[in-house]
Amino acid sequence: MTTAGSVTAPPADVLREADRRRTFAVISHPDAGKSTLTEALALHARVISEAGAVHGKAGRRGVVSDWMEMEKARGISITSAALQFAYGDAVVNLLDTPGHSDFSEDTYRVLAAVDSAVMLLDAAKGLEPQTLKLFDVCRHRGIPVITFVNKWDRPGRDALELCDELVERIGLQPMPLTWPVGEAGHFRGVVDRRDGQFIRYSRTAGGATAAAQERLDPARAEAEEGAEWTRAVEELDLLAASGGDFDLDRFLAASATPVLFGSAVLNFGVRHLLDLLVDLAPRPTPRPDVDARPRGLDAPFSAFVFKVQTGMDPSHRDQVAFARVCSGVFERGMVVTNATTGKPFATKYVQQVFGQQRSTLDVAYPGDVIGLVNAHSLRVGDTLYTDKPAVRFPGLPSFAPAHFAAVRPADLSRSKQFRKGIEQLGAEGVVQILRSARRGDGAPVFAAVGPMQFEVAAHRLDAEFKSPVRLDRLPYTVVRRLPDPAHQPLVDNNRGEVLTRADGTHLALFPDSTALGVLKRLHPEVVLEPLVAGT
Ligand code: GDP
């Protein structure tokens with residue numbers, strides 16, 4: 001398509017710019033310290049001078065819990081998407097993975113747009129449910145993961161025990177690059193395994209600036225730290241014996257994870273994390289299209305939409321589509337083609353959005369995220385491109401839903417609008433739509449990763465399609481893929497229900513794992529597959 005007055009940068013620049021990009025997301029459970037870490041990272045990158053300026057705790061909570069209210073009041077979407085900052089010669093894109101009450105399918109979809117992930121663990125809690133779910137998606141997509149064990153300044157678990165947990169629960173080989181000196185709560189610093197030196201930290205008030213640190217050689221560390229140092233060295237010997245040495249190939253193959261210990265609130269260990277990302281995390285690579293042909297980074301502009309945010313106020317219906325650039329140079333004002341519809345889309349209004357901050361974006365390279373405003377025609381999974389060759393990337397998969405609700409029109413005279421609305425929301429990926437012959441076509445079931453998706457869907461049916469709905473939450477908590485729908489009666493007889501997703505997948509839903517267990521015992525012939533990412 002045409003480019004409005006733009007000059008495409010020479011390919012050499014595109015490749016150089018792509019090579020500088022590190023695009024990643026933090027996967028964690030609420031309260032592990034993701035917001036704090038984000039602030040600490042940005043502080044090192046000198047985007048801001050003081051922790052808290054990007055999105056202080058108060059602002060963050062606002063985005064999370066008052067999302068609907070703010071959408072209504074302001075008629076625009078303010079949900080965060082990506083933070084971009086420079087660090088040395090690198091350009092770091094940190095994509096937000098919404099958690100807390102706005103954990104949703106979007107959170108998983110973000111992982112389709114990153115090249116690596118940082119798994120943030122609370123030292124006292126280790127692997128927690130939301131972290132495990134997000135890790136599953138990373139594993140499925142082969143995304144390399146760096147592990148940051150946070151809150152080491154507080155009493156917590158034993159470092160070796162945390163490492164063992166990674167192997168035992170998720171089969172991920174830990175490769176610690178630093179090792180804590182002083183148990184959790186008496187944090188003295190870390191051993192840098194690259195050179196055996198001791199990095200001692202000292203507190204600064206409230207983590208407002210990066211923690212002061214000094215490097216000591218092992219002899220001095222032993223003299224000054226005594227038993228704490230000796231213990232750390234002994235633990236390191238144990239680790240070396242169990243195969244915990246760093247192996248770049250295993251990291252890139254996502255079978256092993258570099259591990260760092262630190263404290264986001266004290267801003268200790270954070271610089272090491274940034275250095276690691278810049279030195280070792282994967283750069284953008286050519287993305288395969290639907291025919292598995294990779295589109296070179298220096299091919300003309302292409303991107304795919306991984307998240308669409310709709311304003312909640314019908315009078316100011318604003319829709320922002322977030323797209324990750326896959327190839328070429330994006331320049332504001334370009335007219336791009338939507339590969340799904342073949343229609344042009346003008347990109348006059350393009351933004352970078354993170355937290356409550358928005359700024360206009362003029363140019364973007366592979367790995368960057370662009371926020372396209374007024375994007376009513378764009379859907380999750382759409383490919384955008386400019387200039388030949390045309391390209392279409394594979395659509396984004398559906399993810400394992402965890403919440404279910406039967407939906408029906410509150411006003412039967414609006415049934416037609418109801419059906420239309422359901423179809424539209426399903427196509428947009430706002431919620432998954434499940435159906436069964438038993439429930440009938442007019443009474444589908446919403447399935448979602450997080451319950452906020454129900455609220456958004458119900459609100460939009462009411463506001464946009466003038467079809468208010470009744471939602472009845474269904475008591476199912478366990479979901480499996482049922483390859484053979486002939487087994488449906490057996491599922492029904494064991495307190496379950498079989499529903500079919502728009503993509504044709506049959507899902508068997510159970511109220512609890514006991515019901516699933518009983519079915520498996522009584523009928524071992526029934527194939528029930530766990531759902532992760534993918535169709
Ligand atoms: P999020 O929910 O993952 O974004 O977590 P937050 O960044 O909001 O942190 C949750 C709580 O843990 C807050 O009270 C933070 O101050 C605290 N916190 C975060 N990092 C650390 C840390 O390294 N040490 C300690 N002691 N507290 C931390």
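This is a predicted model: local features need pLDDT of at least 70, side-chain atom pairs count only at pLDDT 80 or more; totals for chains, interfaces and linings use all residues.
The protein chain contains 535 residues, of which 49% count as buried, and its secondary structure comes to 15 helices and 31 strands. When contacts between residues at least 6 apart in sequence are considered, 72% of them join residues at least 24 apart. The predictor assigns the complex an ipTM of 0.99 and a pTM of 0.87. For the protein chain the mean pLDDT is 84, with 85% of the residues reaching 70 or more.

Strands of a sheet pair through backbone hydrogen bonds, and the pairing may be either parallel or antiparallel. Both senses are found in this model, beginning with the parallel pairs made by strand E11, which spans residues 256–261. Strand E11 is mostly covered, since 6 of its 6 residues are buried. Its side chains are divided between two directions, with Ala-256, Pro-258 and Leu-260 pointing one way and Thr-257, Val-259 and Phe-261 the other way, and all of these residues are buried. Strand E5 (residues 145–150) pairs with E11 in the parallel sense over 3 bridges, and in this arrangement Thr-147 stands opposite Val-259 of E11. Strand E6 (residues 173–176) also runs parallel to E11, to which it is joined by 4 bridges. Here the bridge partner of Pro-176 in E11 is Val-259, the residue that also stands opposite Thr-147.

Antiparallel pairing is found in an open sheet of 8 strands, whose order is E27-E24-E26-E25-E29-E30-E28-E31. The edges of this sheet are formed by strand E27 (469–473) and strand E31 (529–530), each of which pairs on one side only. Within the sheet, strand E25 (residues 432–435) and strand E29 (residues 497–501) pair in the antiparallel sense over 2 bridges, and Leu-434 stands opposite Arg-501 in E29.

The shell around the ligand consists of 16 residues, among which Gly-33, Lys-34, Ser-35, Thr-36 and Val-265 come nearest. Helix H2 (residues 34–44) gives the most to this shell, contributing 3 residues. By residue class, the shell around the ligand divides into 4 nonpolar, 6 polar and 6 charged residues.

A further site is taken from a record: in an unreviewed UniProt entry, the annotation "binding site" covers Asp-96, Thr-97, Pro-98, Gly-99 and His-100. Asp-96 lies in the loop between strand E3 (90–95) and helix H5 (105–110), and Pro-98 is found in the loop between E3 and H5 as well. Asp-96 counts as buried because 25 C-beta neighbours lie inside 10 Å. Pro-98 is also buried, because 20 other C-beta atoms lie within 10 Å of its own, and a count of 20 or more is what the criterion for a buried residue requires.

Terms used. Residues are numbered from 1 along each chain as its sequence is written. UniProt positions are given in the numbering used here, feature names are shortened, and annotations may be inferred rather than shown by experiment. A residue is buried if 20 or more other C-beta atoms lie within 10 Å of its own, exposed if 12 or fewer, and partly exposed in between; C-beta atoms are placed from the backbone. Two strands pair if DSSP finds at least two bridges between them. A residue is near a molecule or strand if its C-beta atom, placed from the backbone, lies within 6 Å of it. Ala, Val, Leu, Ile, Met, Phe, Trp, Tyr, Cys and Pro count as nonpolar, Asp, Glu, Lys and Arg as charged, and the others, Gly among them, as polar. Two residues are in contact if their C-beta atoms, placed from the backbone, lie within 7 Å. pLDDT is the predictor's confidence in each residue, from 0 to 100.
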